[in-house]
Amino acid sequence: YQRRVRDFSNNMFKPLQLGSLKLEHRVIMAPLTRLRATDTFAPGPTALEYYSQRASKGGLLITEAVPISPETPYEWAPGIYTEEHVEGWKKIVDAVHKKGGLISIQLWHIGRVAHESWGKHPLLQSLGRPLPTVSSSDVPLPSKLLTQEYGTGKMVPPNIPRPLGAEEIRVRLVGDYVKAAEAAKRAGFDAVEIHAAHGYLLNQFICDGVNKRTDEYGGSIENRLRALNEVVSAVVAVWGNDRVAVRLSPTYKDTKTYYDCNDSNPELVYREAVKILDKYKLAYLLLSEPRWSGGPQHDNPKNDPGFIQPVRNGWAKEVYSSKIIGAGGFTPHSAKDTIEKGIYDAVAFGRWFISNPDLPERLKNNAPLNVYNRPTFYSRDPVKGYVDYPFLDPFANKYEGHYSTISQSEIGQSLENSNESKL
């Protein structure tokens, strides 16, 4: 490949301060669910290798979403609520640090998305803590959104969640986030990110399509943001504001929603959420662009429509004074343009980081990218589609993974050339 055909040095490879985190570049690894935990929900046998492969000097990795308690199991996602979990993550953190990288853990409660059958798992039962399924209200997922049943592996209709009590939210739920934050600190993470996006529990409080409460956690926007506010405040008390982050996924009346988590006025509720978070002066705010719509076209990066959809969250800079990371449907070129325009301070890549363990190096040198193999995203295979994607440096390749490549210029198009860009 030809090195330095396109110069990224003025934006993606400028240093960036995120709270107490000093980054040497702005190519972030987005949180990526991979479902390769052990049978006791500890990080899987090759998770250390997976994260270590993707670590770079001064680069930030955000872990896959990590369940905070037995109440929120998501198939085989690794947790952070037993000492075995902490020890597993500690080894991963140490490996990332050894390469000069930084790593933030994403704390996750999925609420009504969890199926109650997972409460039969022997480990979860043995811990004597609350089990699934809970939410802000007793509004289940639509029946068409099937969830995996524990023990059989079958995809089954969702069950009706139990609404959390007000005192339970204030004390026990917030306490579960605190316990997870403390566990993350013992594991040595550089920061924690609270997952309040994509239709999961905190998002189920935010959106009035799910939240039907009439107490202090429902009704007005202020009340629906109360759970998020209390969780953030409690986690900041553990970590300090400069090592805490939040993820939100603003939606609009003309875009997709996540897990049917709808709101009657999404533009207003998410703006208010961002304004509330601004007062904390967090390490960063991670915003998802609502560009994923599903379908077979998303397997081909040459004609994936998500790669040419406009940026929608540019308004956030009007109400948020700290650093913002964007994620969702970015190409190397649109990421560069977005940072140059000041819409985002950094960009988090998902699929491209799965298939390119040395993504920052490839972007910096305009090298071809390995094309991701979507069917392996959520398998439990510890090697295929997980740690066998090749490096540019052939001497770094331990496995013989065979994947096609694509020129960066063939992926989507630059925001500069998008007539529909809403900046």
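Tyrosine 372 is buried, with 5% relative accessible area. The model is predicted. This briefing covers its aromatic rings, its charges over rings, its cavity and its backbone.

**Aromatic pairs**

- Two numbers describe a pair of aromatic rings: the distance of the centres and the angle of the planes.
- Across the whole structure, a search finds 18 aromatic pairs.
- One of them joins tyrosine 50 and tyrosine 51. Their centres are 5.0 Å apart, with 80° between the planes, and the pair is edge-to-face.
- Tyrosine 50 is buried at 0% relative accessibility. Tyrosine 51 is buried too, at 1%.
- Tryptophan 352 pairs with tyrosine 372. The ring centres lie 5.0 Å apart and the planes meet at 65°, so this pair is edge-to-face.
- This pair links distant parts of the chain, 20 residues apart. Tryptophan 352 belongs to helix 11 (residues 351-355). Tyrosine 372 sits in the loop between strand 15 (369-370) and strand 16 (405-406).
- Tryptophan 352 has a relative accessibility of 2%, so it counts as buried; the cut-off is under 20%.
- Tyr50, Tyr51, Trp89, Phe189 and Tyr386 make up one aromatic cluster.

**Charges over rings**

- Lysine 185 places its charged end over the ring of tryptophan 239, 5.4 Å from the ring centre.
- Arginine 312 does this with tyrosine 252: its charged end sits over the ring, 4.6 Å from the centre.

**The cavity**

- A probe the size of a water molecule, rolled over the atoms, shows where empty space is left.
- The structure has 1 cavity of 30 Å³ or more. The largest cavity has a volume of about 30 Å³.
- Its lining is Arg36, Ala37, Pro43, Gly44, Ala47, Glu64, Pro78, Trp89 and Tyr386.
- By type, the lining residues are 6 nonpolar, 1 polar and 2 charged.
- Trp89 and Tyr386 line the largest cavity and also belong to the aromatic cluster.

- The peptide bond from proline 132 to threonine 133 is cis, with omega near 15°. Threonine 133 lies in the loop between helix 3 (122-126) and strand 6 (134-135).
- Phenylalanine 41 is not a glycine, yet its phi is positive, near 65°. Look for it in the loop between strand 3 (27-29) and helix 1 (47-54). Phenylalanine 41 is buried, at 1% relative accessible area.
- Histidine 198 also has a positive phi, near 60°. Its loop runs between strand 10 (191-195) and helix 5 (201-206). Histidine 198 counts as buried at 15% relative accessibility.

How values were computed. Residues are numbered from 1 along each chain as its sequence is written. This is a predicted model: local features need pLDDT of at least 70, side-chain atom pairs count only at pLDDT 80 or more; totals for chains, interfaces and linings use all residues. Side-chain values use heavy atoms; hydrogens and water are left out. On a 1 Å grid over the protein atoms alone, a cavity is a set of points where a 1.4 Å probe fits but cannot get out, and a pocket is an open set with protein on both sides within 12 Å along at least five of seven lines; lining residues have an atom within 4 Å of a point. Grid points are joined across faces, edges and corners, and a volume is the space filled by probe spheres set on the points. Ala, Val, Leu, Ile, Met, Phe, Trp, Tyr, Cys and Pro count as nonpolar, Asp, Glu, Lys and Arg as charged, and the others, Gly among them, as polar. Helices (H or I, at least four residues) and strands (E, at least two) are DSSP runs, numbered from the N terminus. Buried means under 20% relative accessible area, exposed over 50%, partly exposed in between (1.4 Å probe, protein chains only). Rings of Phe, Tyr and Trp (its six-membered ring) pair if their centres lie within 6.5 Å; planes under 30 degrees apart count as stacked, over 60 as edge-to-face and the rest as tilted. A charge sits over a ring if NZ of Lys or CZ of Arg is within 6 Å of the ring centre and within 35 degrees of the ring normal.
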